[in-house]
Amino acid sequence: MPGSGSLRQAFVLRRISQNLQQVVTDTMAKKKSANDATGRKVRVKAEVTSPEFPEILLAGWIGTVVEVTGKPPAEKYVIEWDAETLSSMPADYITRCEAQQLYHLMACLDAEAVEAV
């Protein structure tokens with residue numbers, strides 16, 4: 001049957017392409033999950049202040065990383081504060097956030113500003 005060899009070759013090449021695509025997808029997913037801090041509980045390091053209000057110290061505040069932006073070494077973490085941090089948060093900080101229409105329940109900090117809990 002003429003052309004059956006080329007049909008078979010096309011089928012094999014398509015199958016190889018699909019397998020290669022799956023390997024690349026799996027590798028990318030593993031790499032992302034290994035380096036992605038999303039879901040990690042973190043504590044703000046000593047001496048770290050609020051990016052918006054440098055006179056307010058955030059040291060010791062604890063939260064969960066909900067999003068990672070940027071690429072190393074300039075990664076930033078969007079952190080959602082835990083209940084204990086929220087309950088001990090200075091009223092002045094909340095008032096100032098509200099006055100500037102900022103969301104006090106979360107913050108965006110440099111990755112180097114926090115440590116894993």
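**Note on the predicted model: aromatic cluster, sheet and salt bridges**

1. Trp-61 counts as buried because its relative accessibility is 10%, where buried stands for under 20% relative accessible area, exposed for over 50% and partly exposed for what lies in between (1.4 Å probe, protein chains only). This is a predicted model, in which local features need pLDDT of at least 70 and side-chain atom pairs count only at pLDDT 80 or more, whereas totals for chains, interfaces and linings use all residues. Residues are numbered from 1 along each chain as its sequence is written, and side-chain values use heavy atoms, with hydrogens and water left out.

2. The count of aromatic pairs comes to three, given that rings of Phe, Tyr and Trp (its six-membered ring) pair if their centres lie within 6.5 Å, with planes under 30 degrees apart taken as stacked, over 60 as edge-to-face and the rest as tilted. In one of them, the ring centres of Trp-61 and Trp-81 are 5.2 Å apart and the planes stand at 85°, so this pair is edge-to-face. Trp-61 belongs to the loop between strand 1 and strand 2 (62-69) while Trp-81 belongs to strand 3, so the contact ties together parts that are 20 residues apart in sequence; helices (H or I, at least four residues) and strands (E, at least two) are here DSSP runs, numbered from the N terminus.

3. Both Trp-61 and Trp-81 are buried. Trp-61 also pairs with Tyr-93, the ring centres being 5.3 Å apart and the planes at 85°, so this pair too is edge-to-face. Since Tyr-93 lies in helix 3 and Trp-61 in the loop between strand 1 and strand 2, the pair ties together parts that are 32 residues apart in sequence. Tyr-93 has a relative accessibility of 3% and therefore counts as buried, and one aromatic cluster is formed by Phe-53, Trp-61, Trp-81 and Tyr-93.

4. Five strands make up an open sheet in the order 4-3-2-1-5, with antiparallel pairing, where two strands pair if DSSP finds at least two bridges between them. Strand 4 (106-110) and strand 5 (114-116) stand at the edges with a single partner strand each, so one side of each has no neighbour in the sheet. On average, and with direction ignored, neighbouring strands of this sheet are turned by 45° against each other, the axes being lines fitted to C-alpha atoms, for helices over the stretch in contact, and angles running from 0 to 180 degrees between N-to-C directions.

5. Strand 1 (residues 41-44) and strand 5 run antiparallel and are joined by three bridges, and Val-44 stands opposite Val-114 of strand 5. A salt bridge links Glu-115 to Arg-43, with the closest N and O atoms 3.9 Å apart, the rule being a side-chain nitrogen of Lys or Arg within 4 Å of a carboxyl oxygen of Asp or Glu. Because Glu-115 lies in strand 5 and Arg-43 in strand 1, the pair ties together parts that are 72 residues apart in sequence.

6. By this rule there are four salt bridges. One of them joins the side chains of Lys-76 and Asp-110 at 2.6 Å, N to O, and, with Lys-76 in strand 3 (residues 76-81) and Asp-110 in strand 4, the pair ties together parts that are 34 residues apart in sequence.

7. Another salt bridge, at 3.8 Å from N to O, is that of Asp-92 and Arg-96, which both lie in helix 3 (residues 91-99), four residues apart, or about one turn of the helix. Salt bridges that share partners join Glu-55, Asp-92 and Arg-96 into one network.
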